[in-house]
Amino acid sequence: MSTTILQALIGGLTMGGIYALIALGFSLTYTTTRTLNFAQGDFVSVGAFVGLAAVGLVASALAIDPATTPWAYVLAALAATVVMGAMGLPLYLAAIRPFAGRPGMSWVMSTIGFGIIMQSAALSLWGPGARMVAAPLGDEVIRVAGVGFRSQEIVVLVLALALLGAVDVAMHRTSLGRSMRAVALNRDAAALMGIRVTRVMALTFVVSSALAGLSGVLIAPIVSASLFMGVVIALKGFSAAIVGGLTNLRGCMLGGMLIGLAESFTGLWSAQWREIVVFVVVIAVLAAFPNGLFGKTLVEKV
């Protein structure tokens, strides 16, 4: 029993790390612009295929087998991060900037439309089929004290925790992070202090999109890469942000872990109930804490 629980714990923390990265992206964009990127799932899916394409090009040029070359996975992660991060800028300029700060929720449809355009372009390039992605350190099951896990689970967990820690440090210790927090607190006051609010907002979408693209590469060897896989992952990432508190970065990180663990431990009992329990948790938390476990109500002075 203890072995099974430990396996569920590792699996839950692994997926929780991915959900936390997605939740972090939602939190960053919401606190700075009061908008959400509903194309986040498409950034996850397309990011995975951008990484695969980059590896394929290098493999063809160097005549190597990417399945036996661990550094090819690093190249895929870098390519997805850079390309999807770069796509965050036109997303902000075309789908967010014209509508941010205005009455209504036009940005909902504009971000969904941007995601559909991006997904359609990807479908024309790579087609609708799923692709199996080899784990960089092999697909065999590693057993330690009777507990079996895949190397990719450890890779994802370690990298996700490292990224979450790095973002947290950057938000509290760097000038850019302090600028983002200032814009989130009071946009007008931040502008009066000399902070370029528009630039900070654009950078927020770049960071959010880069995290989504990287998440796609990290999760691809576990769930297989598909241009439709990001919808569910982004939905659970958004659920994690809601549970932890959309306005609290650390709360979003903890929310991601909570959703991942709830999903994993429910799977021990019944796989069919995994999705149900995740959203029961969301509803239960919101019933008791309308702003999430660690969220606060944002008040704008006019």
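## Helix packing and a pocket

Let us start with a pair of helices: the axes of α1 and α8 come within 9 Å and cross at roughly 165 degrees. Axes here are lines fitted to C-alpha atoms, for helices over the stretch in contact, with angles running from 0 to 180 degrees between N-to-C directions. α1 and α8 are therefore roughly antiparallel to each other; angles over 145 degrees count as roughly antiparallel, under 35 as roughly parallel, 65 to 115 as roughly perpendicular and the rest as oblique. This is a predicted model, in which local features need pLDDT of at least 70 and side-chain atom pairs count only at pLDDT 80 or more, while totals for chains, interfaces and linings use all residues. Residues are numbered from 1 along each chain as its sequence is written, and side-chain values use heavy atoms, with hydrogens and water left out.

α1 passes α8 in a left-handed crossing, a term for the near helix being turned anticlockwise from the far one by less than a right angle, with clockwise giving right-handed. Helices (H or I, at least four residues) and strands (E, at least two) are DSSP runs, numbered from the N terminus.

Arg34, in the loop between α1 and α2, has a phi near 60 degrees, a positive value in a residue other than glycine. Ser224, in the loop between α8 and α9, also has a positive phi, near 75 degrees. Most residues other than glycine have a negative phi.

Now for the open space. The second largest pocket has a volume of about 420 Å³. On a 1 Å grid over the protein atoms alone, a pocket is an open set of points where a 1.4 Å probe fits, with protein on both sides within 12 Å along at least five of seven lines, and lining residues have an atom within 4 Å of a point. Grid points are joined across faces, edges and corners, and the volume is the space filled by probe spheres set on the points. Which residues lie nearest the centre of this pocket? They are Met15, Ile222, Val223, Glu263 and Arg274, out of 22 lining residues. α1 gives the most to the lining, with 7 residues, and the lining divides into 10 nonpolar, 7 polar and 5 charged residues.

Glu263 and Arg274 also take part in the packing of α10 against α11. These helices pack at an angle of about 140 degrees, with their axes 8 Å apart. That makes α10 oblique to α11. The crossing of α10 and α11 is right-handed, and by class their contact has 7 nonpolar, 2 polar and 3 charged residues. Within α11, Val277 is in contact with Ala262 and Thr266, leaving aside its neighbours within four places in sequence.

Finally, visit α3 and α4, whose axes come within 9 Å and cross at roughly 140 degrees. α3 and α4 are therefore oblique to each other, and their crossing is right-handed. The contact includes Met87 and Leu91 of α3, and Trp107 and Phe114 of α4. By class, it has 8 nonpolar, 2 polar and no charged residues.

Definitions and conventions:
Nonpolar A, V, L, I, M, F, W, Y, C, P; charged D, E, K, R; others polar. Contact = heavy atoms within 4.5 Å.
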